[in-house]
Amino acid sequence: MVYKFRVILDAEEDIFRDIAILEEDTLEDLHNAIFNSFGFDGMEVASFYTCDETWNQEDEIPLFDTGDVPGEQKTMSDYTLSDILDKENTKIIYVYDFIHMWTFLVELAAVEDQVAGNLYPETLFSHGEMPDDSGEKNFETDMHDDIYGEFEDDLDEDDLDMFEGDDSFEDYGFEENWN
């Protein structure tokens, strides 16, 4: 079977590529198809991230093993496309070049029969020109996720004077525990 993806650059303008690739190809093969179709040189590090239906990032799948124990971390070459994506799980995030953070939304659009004589992977359609830079990424969390909000206790130096000269903490007898 052939997986057909729409790969969309996370940018203000519409820039995307449609790519066809075999379902038994690896995520590394998809990585190669993406950077080639967008005109990158392939010399930068990249990762895929699994995500939910609303593009919330989940698990990282790196190009190279970056774990503490060599061989313990699975990489792009360890996963076939069908291991990660199917008709129910259609979305994955791709980040190329962690300095510039080129971020792509990759969505499985169709699963079709292989066409005899076609070479895969194949760029089926190209729309939009790549910008000179990836733009600024905003990695701030939403304030509603912060249970404390913007904590401000309204204390100033005068409020802290109440602790001046108070050595009562020494009366608890814990000094011997700090040797």
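Predicted model: local features only at pLDDT ≥ 70, side-chain atom pairs only at ≥ 80, totals over all residues.
## Overall fold

The chain contains three helices and seven strands. Their order along the sequence is β-β-α-β-β-α-β-β-β-α.

Take the contacts with a separation of 6 or more: 61% of them are between residues 24 or more positions apart.

## Inside and outside

The chain has 179 residues, and 31% of them count as buried. Its accessible surface is about 12400 Å². Carbon and sulfur atoms account for 47% of that surface.

## A nonpolar patch

Three residues make up a nonpolar patch on the surface: Val45, Phe64 and Phe98. Together they have about 270 Å² of accessible area.

Phe98 sits in a loop. Is Phe98 buried or partly exposed? Its relative accessible area is 33%. Buried means under 20%, and exposed means over 50%, so Phe98 counts as partly exposed.

## Helix H1

Helix H1 covers residues 27-37. Its buried residues are Leu27, Leu30, His31, Ala33, Ile34, Phe35 and Ser37. An α-helix has 3.6 residues a turn, so residues three or four places apart point the same way. Leu27, Leu30, His31 and Ile34 are among the buried residues of H1.

Thr26 caps the N-terminal end of H1. A side-chain oxygen of Thr26 lies 3.2 Å from the backbone nitrogen of Glu28. After H1 comes Gly39. The phi of Gly39 is positive, near 85°.

Methods
Residues numbered from 1 in each chain as written. Heavy atoms only, no water. Helix = DSSP H or I, 4+ residues; strand = E, 2+ residues; numbered from the N terminus. Buried < 20%, exposed > 50% of the residue type's maximum accessible area, 1.4 Å probe, protein only. Contact = heavy atoms within 4.5 Å. Areas by Shrake-Rupley, 256 points an atom, 1.4 Å probe, with all protein chains shown as cover. Patch = residues over 30% accessible without salt bridge, like charges linked within 9 Å, V, L, I, M, F, W, Y side chains within 5 Å. Salt bridge = Lys/Arg side-chain N within 4 Å of Asp/Glu carboxyl O. Polar contact = N/O pair within 3.5 Å; in protein donor to acceptor, adjacent residues only side chain to side chain.
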